[in-house]
Structure formats: structure tokens, C-alpha cells
Amino acid sequence: MRVAFVHDWLVVSGGAEKVTRELLKMYDADVFSLFDFLSDTDRAIILHGKHAKTTFLQHLPFMRSLYRWYLPLFPAAVERIDLRGYDLIISASYAVAKGVRKHPGQKHVCYIHTPVRYAWVHEDSYLRDHGMTGVKGWLVRKQLDRLRAWDVANSAHVDRFIANSRNVADRAKRFYGREAEVVLPPVDPDIFTLYEGERAHYLAAARLVPYKRMDRIIEAFALLPDQQLTVVGDGPDRRRLERMATTNVTFTGHVPQERLVELMQRSRALICAADEDLGLTPLEALACGTPVIALGKSGYLETVIDGVSGIHFPESTADRIADAVRRFEALGPFAAPAHLRAHAAPFFSACFREQVKAIIDDTLGHA
């Protein structure tokens with residue numbers, strides 16, 4: 001059986017890329033992507049050393065840094081990927097990967113991280129955060145209208161959807177009229193290991209982009225001068241965030257995975273403020289025995305149990321986040337690290353691969 005694997009684009013290592021890493025452990029697949037700018041280190045981890053077969057977008061000017069500006073070309077680019085000769089197509093899609101053309105006799109299983117977030121879910125906040133107002137905003141809205149129509153039409157060609165959360169499965173039902181089975185993303189238990197030592201700081205770890213709401217977490221720690229916050233990650237918002245930070249906030253920039261695990265293990269709690277589709281980082285923190293303070297909405301409702309594996313706050317405002325940290329401190333010793341790790345155990349990598357393989361085998365008609 002020949003297998004083609006399609007990922008939207010490959011630039012940095014994030015939650016979606018960790019899913020891709022596990023899916024590629026299951027099949028000896030050829031990898032396709034709109035463009036591929038992975039570092040050698042990330043390539044070895046995510047693609048197991050493989051290079052993706054890319055599209056014409058790979059060679060456009062400033063593609064590596066300004067690829068989001070080429071969004072109107074993404075549907076045409078993914079439709080040009082030639083998958084003739086393959087028996088099975090597996091896509092991991094948060095944008096257009098599920099729109100690859102399928103040929104007679106092929107089966108297509110899509111692991112959907114979300115329908116295009118800035119087209120379907122957070123259009124207004126996306127435009128506002130990126131300063132797209134006036135004529136520019138009008139033009140972008142027109143492009144997003146076309147993208148939504150294309151997205152619905154092409155979703156019909158997928159044989160089976162696997163959603164990364166109930167939250168995303170609900171979106172697939174609302175936007176595409178399609179059912180999706182839920183398999184939460186995998187946590188590697190050999191990387192994110194239990195730690196039961198001293199914990200000094202709080203941790204916020206994410207790409208430094210507006211929708212992650214790292215600014216709200218930083219503002220909260222201006223109200224918590226006796227607590228220390230470590231911010232891990234890089235991105236276009238970094239300079240703005242550094243300018244607003246108080247002296248109890250430390251920025252590390254992008255760090256290697258082993259350093260991230262160490263910081264996670266030594267954190268009093270991980271703090272997450274974005275309205276996420278799911279959010280893999282909380283599960284990784286729990287695997288390290290680290291509790292989570294998270295927005296009590298959307299994906300975090302599926303990974304963090306208030307008062308058991310963490311604390312929820314109702315809104316991503318500085319006051320609410322600061323109140324949640326104070327509540328966490330007032331509770332005294334939280335659940336034992338081993339108990340927190342037990343909450344992540346159902347999502348370990350082997351369970352993920354077993355569940356996904358069962359769905360794919362069923363789609364192929366295998367016993």
C-alpha cells in the first residue's frame with residue numbers, strides 16, 4: 001500500500017507537528033506540504049529526516065517569513081499536489097491540507113486540528129490583531145469568504161475525519177455537516193517525564209502571536225510582583241511583550257525541547273490564556289506532574305479539570321488571570337505530581353497511534 005501524507009506547511013515545531021511526527025511513525029509515507037522550511041533538528045524529530053515534496057509556493061519571494069500574505073494562493077497550490085498512484089491519503093489539516101485532490105480508488109483520512117481558524121472561528125479578532133481595517137480589511141474578508149466556500153466544497157472529498165477534540169468535532173459538524181471521531185493529540189511519555197522536585201516559577205509557553213494572549217498573562221504578573229513568570233517562545237509579538245513586561249517576567253525565546261521540558265518540570269503551574277481548539281501543552285505539563293491554570297473555555301475544558309488537574313479562569317483578562325494564580329496559591333499543595341501525570345496517561349503516544357490506526361483500518365475495510 002502506497003501512502004501519501006499531507007501537512008499544511010512546515011516552518012516550526014508546534015502541536016500540529018507533534019501529531020504529524022506520530023502519524024509518520026505509523027506508515028512509511030511520502031510527505032507533501034505547501035512549503036518546507038524546517039531546520040535540520042526539527043526535520044529529524046518531526047519528519048524522521050524526510051524532506052516534504054513542496055509546491056510552487058516554496059520558491060516565492062520572502063516565503064519563509066511572510067507566508068501568511070500568500071494565503072489566497074494556498075487552495076490552488078494544494079490542489080496541484082499530484083497524488084496519483086497512492087492508495088491512502090492521510091492529511092493533518094488546520095488550513096488547506098484536506099483539500100488535496102483525490103483520485104478514483106483512493107481513501108482520504110483527515111486528522112483535523114481545526115477548520116481554518118481565522119476564516120471560521122476568529123475572523124474579527126484575527127483582522128483586529130493584525131491591523132487589517134478599512135480597505136485592507138474589506139479585501140481580506142472577501143478572500144476569507146472565498147476560502148470558506150472552497151473549504152466546504154473540498155471537505156466533501158474526505159472519507160473520514162478524525163478531530164483533535166470534541167470542540168473541533170462540533171465545528172466540523174457545524175461548518176461542513178460532517179461527523180468526526182475524536183482522538184486527542186499525543187503526548188510522548190518518554191520526553192515529558194515525571195518530576196517531583198522544587199518548583200519556583202510560573203510558565204507561559206507558546207508562539208508569541210496576538211491570539212495566544214500572552215500579553216494578558218504578562219499584565220497579570222504586573223499585579224503579582226511576588227511571583228515569577230518565565231515566558232518561552234518567539235514570534236512577531238516579542239518586542240511588544242518585552243516592552244510591557246515587569247521585572248518579575250523573564251523571556252527565554254525559543255528553546256530546545258529538552259530545555260522546555262526542564263522549565264515545565266520546575267514550574268509551579270503552566271498558564272494558558274488563548275481560546276484554543278484543544279491545546280497540547282497542558283497535557284504535556286500534566287505528564288511532567290505540573291498543574292495548569294487555563295482559560296475555562298473551548299479546548300482547555302477537555303484537558304484541564306478545575307480543582308483537580310488545574311484551575312480555570314473565566315476570561316483572558318489580567319485581573320482574572322491574577323485572581324486564578326492567587327486562588328492556586330491559596331489552595332496550598334496541589335495534587336501530587338504522579339496523580340497529575342495519571343490524567344495525561346490516556347493521551348500517551350501509543351494510545352493515540354492505536355486509536356488512529358483502528359479508524360484508518362476501518363476506512364480501508366481491513367478486518
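# Exercises on a predicted model

The side chain of Asn248 lies 2.9 Å from the backbone oxygen of Phe221. A polar contact is a pair of N or O atoms within 3.5 Å; within protein, one must be able to donate a hydrogen and the other to accept it, and residues adjacent in sequence count only if both atoms are side-chain atoms.

The model is predicted: local features need pLDDT of at least 70 and side-chain atom pairs count only at pLDDT 80 or more, while totals for chains, interfaces and linings use all residues. Residues are numbered from 1 along each chain as its sequence is written, and side-chain values use heavy atoms, with hydrogens and water left out.

**Exercise 1.** Determine where Asn248 is placed, whether Asn248 counts as buried or exposed, and which residues Asn248 is in contact with beyond four places in sequence.

*Solution.* Step 1: helices (H or I, at least four residues) and strands (E, at least two) are DSSP runs, numbered from the N terminus. Asn248 belongs to the loop that links α10 (238–244) with β9 (249–253).

Step 1: buried means under 20% relative accessible area, exposed over 50%, and partly exposed in between (1.4 Å probe, protein chains only). Asn248 has 5% relative accessibility and therefore counts as buried.

Step 2: contact means heavy atoms within 4.5 Å. With neighbours within four places in sequence left aside, Asn248 is in contact with Phe221, Leu224, Pro225, Gln227, Gln228 and Leu229.

**Exercise 2.** Describe the sheet that contains β9, giving the strand order and the pairing.

*Solution.* Step 1: two strands pair if DSSP finds at least two bridges between them. The order in this open sheet of six strands is β9-β8-β7-β10-β11-β12, with parallel pairing.

Step 1: β9 and β12 (310–313) are the edge strands, each pairing on one side only.

Step 2: β12 is joined to β11 (residues 292–295) by four bridges in the parallel sense. Ile293 has Ile311 of β12 opposite.

**Exercise 3.** Find the angle at which helices α9 and α13 pack, the distance between their axes and the handedness of their crossing.

*Solution.* Step 1: axes are lines fitted to C-alpha atoms, for helices over the stretch in contact, and angles run from 0 to 180 degrees between N-to-C directions. α9 (residues 214–222) and α13 (residues 318–330) pack at about 60 degrees, and their axes are 8 Å apart.

Step 1: a crossing is left-handed if the near helix is turned anticlockwise from the far one by less than a right angle, and right-handed if clockwise. The α9 and α13 crossing is right-handed.

Step 2: on the α9 side the meeting residues are Arg216, Ile217, Glu219, Ala220 and Phe221, and on the α13 side Ala318, Ile321, Ala322 and Val325.

Step 3: α9 lies across β7 (201–205), β8 (229–232), β9 and β10 (267–272), at about 165 degrees to β8. α13 lies across β7, β10, β11 and β12, at about 150 degrees to β12.

**Exercise 4.** State the strand order of the sheet that contains β1, and explain why one side of each edge strand is left without a neighbour.

*Solution.* Step 1: this open sheet has six strands in the order β2-β1-β3-β4-β5-β6, and the pairing is parallel.

Step 1: β2 (30–33) and β6 (180–182) stand at the edges with a single partner strand each, so one side of each has no neighbour in the sheet. On average, neighbouring strands are turned by 25 degrees against each other, direction ignored.

Step 2: β1 and β3 are paired in parallel over five bridges, with His7 opposite Ala92 in β3. Six bridges join β3 to β4, where Ser93 stands opposite Ile112.

Step 3: both faces of β3 are covered, with Leu88, Ile90 and Ala92 buried on one side and Ile89, Ser91 and Ser93 on the other.
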